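Let us look for some here, and then at a helix beside it.

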Amino acid sequence: MNRADETRGLLLGGLGMTGFSLTLPMTRLAVAELDPVLVGLGRALVAAVLAALVVWWRRDPFPDRRHLPGLLIVALGVVIGFPLFSSLAMQRVPAAHGAVVVGLVPLATALFAVRRAGERPSRAYWVAAVAGSLAVVVFALAESAWNFRAADGLLLIAVGLCGLGYAEGGRLARELGGGRVISWALLLAAPIVVVPVGRVALIHGLHASPRAWAAFGYTGVVSMFLAFWAWYRGLALGGVARVSQVQLLQAFLTLAWAALLLGEPITGLTVVTAGLVVGTVALG
């Protein structure tokens, strides 16, 4: 890997991360009026329509059989797993809290990158990554009076599945390109998610304000589709483990969005923890 590719990978990763930074606040806005299953899985159907249009326009061939297991892992991790469990958690905790817990995603991604993508980060990298992750764990426990809450369990499941999907997607993007990875993962997942989404829509209806629908639309168009084009390409160019650390900066952006859009208070503990996390990014 040359320095130019590494730099481009970090820049593209930063672009994707910026798109992701609004996901939790937008999800919290949407689940205030819509069922969390509809919000978590329905966004995949919105993105799948866009993916189908892109695949048709580019005349992309169906992936080789050897790529299908990896694409299904991506679908499980970032199309189904993370959106669903994070939506359920956003009913119970503020987006600012979720943002810091989701700061564990880079460590999870790096761990899966070793297993799935054959990467071997340095010892210093692991020290920095673990330090940032420990800060996140202490923050989550301190905010819940040192009790483990169900919402934090949902967030941790989301983190693990997201790390798996990121690492596998970054590996596949080296061969298929970031756009093809997320597009085909969405199309493979669509027949699975359409059933629960349709059932929830029939039971609970689709009544919500324009604000809630706009937030839902963002998660489908940007969080689930456009941001992944830049993110997976960045992981492929700059290395999965290295570029994934850029996402630690996402906490700061999400905190700012949560305060601006939701009026959530930002505590001193939140700012200190986010600062420690960003410091580990510089070390990593």
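**Space inside the fold**

The largest cavity holds about 160 Å³ of space. A cavity is a set of points on a 1 Å grid over the protein atoms alone where a 1.4 Å probe fits but cannot get out; its lining residues have an atom within 4 Å of a point. Points are joined across faces, edges and corners, and the volume is the space filled by probe spheres set on them. This is a predicted model: local features need pLDDT of at least 70, side-chain atom pairs count only at pLDDT 80 or more, and totals for chains, interfaces and linings use all residues. Residues are numbered from 1 along each chain as its sequence is written, and side-chain values use heavy atoms, without hydrogens and water.

Which residues lie closest to the centre of the largest cavity? Of 16 lining residues, they are Phe 20, Thr 23, Phe 82, Tyr 166 and Ser 223. Helix α10 supplies the largest share of this lining, four residues. Helices here are DSSP runs (H or I, at least four residues), numbered from the N terminus.

The second largest cavity holds about 40 Å³. Leu 24 is one of its lining residues, and Ala 99 and Thr 254 are also among them. Helix α12 gives the most, three residues.

Now turn to helix α2, residues 23-31. Eight of its nine residues are buried, meaning under 20% relative accessible area with a 1.4 Å probe, protein chains only. Thr 23 and Leu 24 are among the buried ones. The cover over the buried residues of α2 includes α1, α10 and α12.

Key
Buried < 20%, exposed > 50% of the residue type's maximum accessible area, 1.4 Å probe, protein only. Helix = DSSP H or I, 4+ residues; strand = E, 2+ residues; numbered from the N terminus. Contact = heavy atoms within 4.5 Å. 1 Å grid on protein atoms, 1.4 Å probe; cavity = no way out; pocket = protein on both sides within 12 Å on 5 of 7 lines; lining within 4 Å.
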